[in-house]
Amino acid sequence: MKEGSLEAPTRHPIDWKSETFYDEKACVDEMERIFDICHGCRRCVSLCGSFPTLFDLIDEGESGELDSVDAADYWKVVDQCYLCDVCYLTKCPYVPPHPWNLDFPHTMLRAKAIQFKKGTKTKTRDTLLSNTSANGKLASIPVVTEAVNFATTNKVARSVGEKMLGVHKSAWLPKFAKKPFEKSAEISEELQVVDGKLTRGKVAIYSTCYINWNEPGIGHDLIEILKINKIPHIVVEKQGCCGMPKLELGDLDSVEKLKNENIPKMAQLAKDGYVIVSPIPSCTLMFKQELPLLFPDDSDVQIVGKAMMDPFEYFRARMRDDLFKTDFNSEPGNVSYHVSCHLRVQNVGQKTREVLEKIPGSSLNTVERCSGHAGTWGVKKEFHETALKIGRPVFRQMNKHPNSETGVPDVIASDCQLAAHHIKQGIGSEEGSNVKHPLSILADAYRTK
Ligand code: SF4
Ligand code: SF4
């Protein structure tokens with residue numbers, strides 16, 4: 001048996017419609033097999049809360065081996081996993097094609113799916129938090145917007161929210177916009193479509209729930225960049241959530257419903273020659289990798305997966321095609337830039353960094369490590385402190401910009417805007433750095449200050 005595989009990881013489709021998928025005993029047996037291999041390896045100890053939880057259980061047991069850990073405690077390991085995929089795609093030498101065929105995240109997903117079917121104490125809170133599209137629609141009703149936005153920063157309301165909903169009272173929460181992106185996005189001018197060798201010449205924007213309901217300005221900046229580069233665009237109409245928050249809960253039936261809502265129109269756009277970009281890496285990843293593995297026989301899902309790109313992956317390829325403007329007018333200052341996990345595992349390299357470094361006078365302090373936010377996981381009462389603990393090394397590195405006398409950067413940026421806000425909270429300063437999405441940094445660089 002080879003010690004580790006040097007070949008690129010491959011991934012098997014998730015057989016979630018089979019009868020055995022929800023067989024609890026079979027799932028616990030698979031966890032046992034995997035946990036024993038991890039015990040002998042321990043490479044992932046610093047990645048998240050799952051591995052330290054597992055190794056503590058083993059080390060505190062009578063024999064110091066997995067056999068003295070009660071299988072009922074395996075679920076503690078499951079609870080700490082937020083499905084970032086980093087262990088699978090960046091660390092583990094035993095993933096397929098290695099014969100040990102180890103897939104830690106998808107085994108956690110299977111366990112979460114079993115847990116979700118059985119029902120958990122926090123199911124109501126988790127379901128509510130993961131209804132991002134419905135929450136956005138409700139919160140965009142003007143009087144509701146004001147009330148919700150007031151509640152996100154009001155101490156009394158946050159304490160009540162913690163008791164009743166289990167949302168940690170100190171976790172940063174986004175505000176809701178008065179006008180959603182889909183109602184305010186600028187319509188594209190009639191422009192000639194110029195395909196490049198590497199890139200399609202027209203863009204469909206899957207705007208994501210977060211950009212639509214919380215920070216539409218990032219979407220407007222994306223449109224501005226496309227406009228400057230004479231790339232025609234449209235916004236995917238009546239889009240639903242990508243399904244990532246439901247996937248993280250193991251609610252696979254809801255993932256399928258959302259897939260059925262989104263995929264037909266997105267597949268049509270892909271067939272019509274659009275590249276589809278999404279400004280939030282988790283949503284991009286969902287369409288690029290997770291849905292194709294959950295629905296391997298759905299050809300439209302595969303077509304959308306192939307047409308989907310991270311915006312900076314697209315811009316970088318457009319630069320290689322010599323079809324992207326690099327005459328900038330403003331400098332971004334000292335930027336501490338965080339590469340989020342869901343971007344790392346797309347295996348596209350650091351395209352955001354490469355593009356931002358083309359801006360004259362840019363000074364980037366790049367940090368590639370988990371911030372601990374992990375979607376809705378980091379705002380939950382029982383996980384928020386762990387989320388801050390996991391993020392601590394990132395907070396430290398982000399606040400040590402080599403070009404800044406004090407170390408404090410002018411800008412905190414992450415492709416995942418939620419992670420950027422979490423990092424700002426973790427650094428703990430109300431003043432100093434501004435949180436700015438890389439798309440806004442790029443759009444600002446074209447503007448004259
Ligand atoms: S997928 Fe991410 S959170 Fe889950 S065990 Fe792996 S590294 Fe930890
Ligand atoms: S997931 Fe792989 S690399 Fe990580 S501890 Fe387990 S066996 Fe080792």
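**The parallel sheet**

Strand E7 (residues 411-414) pairs with E8 in the parallel sense, over two bridges. Valine 411 has asparagine 434 of E8 as its bridge partner. Strands here are DSSP runs of E with at least two residues, helices are runs of H or I with at least four, and both are numbered from the N terminus. Two strands count as paired if DSSP finds at least two bridges between them.

This is a predicted model: local features need pLDDT of at least 70, side-chain atom pairs count only at pLDDT 80 or more, and totals for chains, interfaces and linings use all residues. Residues are numbered from 1 along each chain as its sequence is written, while chains are lettered from A and ligands numbered from 1 in the order in which they are written.

Now the whole sheet. Four strands form an open sheet, in the order E6-E5-E7-E8, with parallel pairing. Strands E6 (363-367) and E8 (434-435) stand at the edges with a single partner strand each, so one side of each has no neighbour in the sheet. Helix H21 (residues 417-427) packs on the sheet and touches strand E5 (334-338), E7 and E8. Contact means C-beta atoms, placed from the backbone, within 7 Å. The direction of H21 makes about 140° with that of E7. Axes are lines fitted to C-alpha atoms, for helices over the stretch in contact, and angles between N-to-C directions run from 0 to 180 degrees.

Finally, the setting. The protein has 22 helices and eight strands. Its C-alpha atoms fill a box of roughly 65 × 50 × 45 Å, taken along the principal axes. Among contacts between residues at least 6 apart in sequence, 76% join residues at least 24 apart.

Terms used
Two residues are in contact if their C-beta atoms, placed from the backbone, lie within 7 Å.
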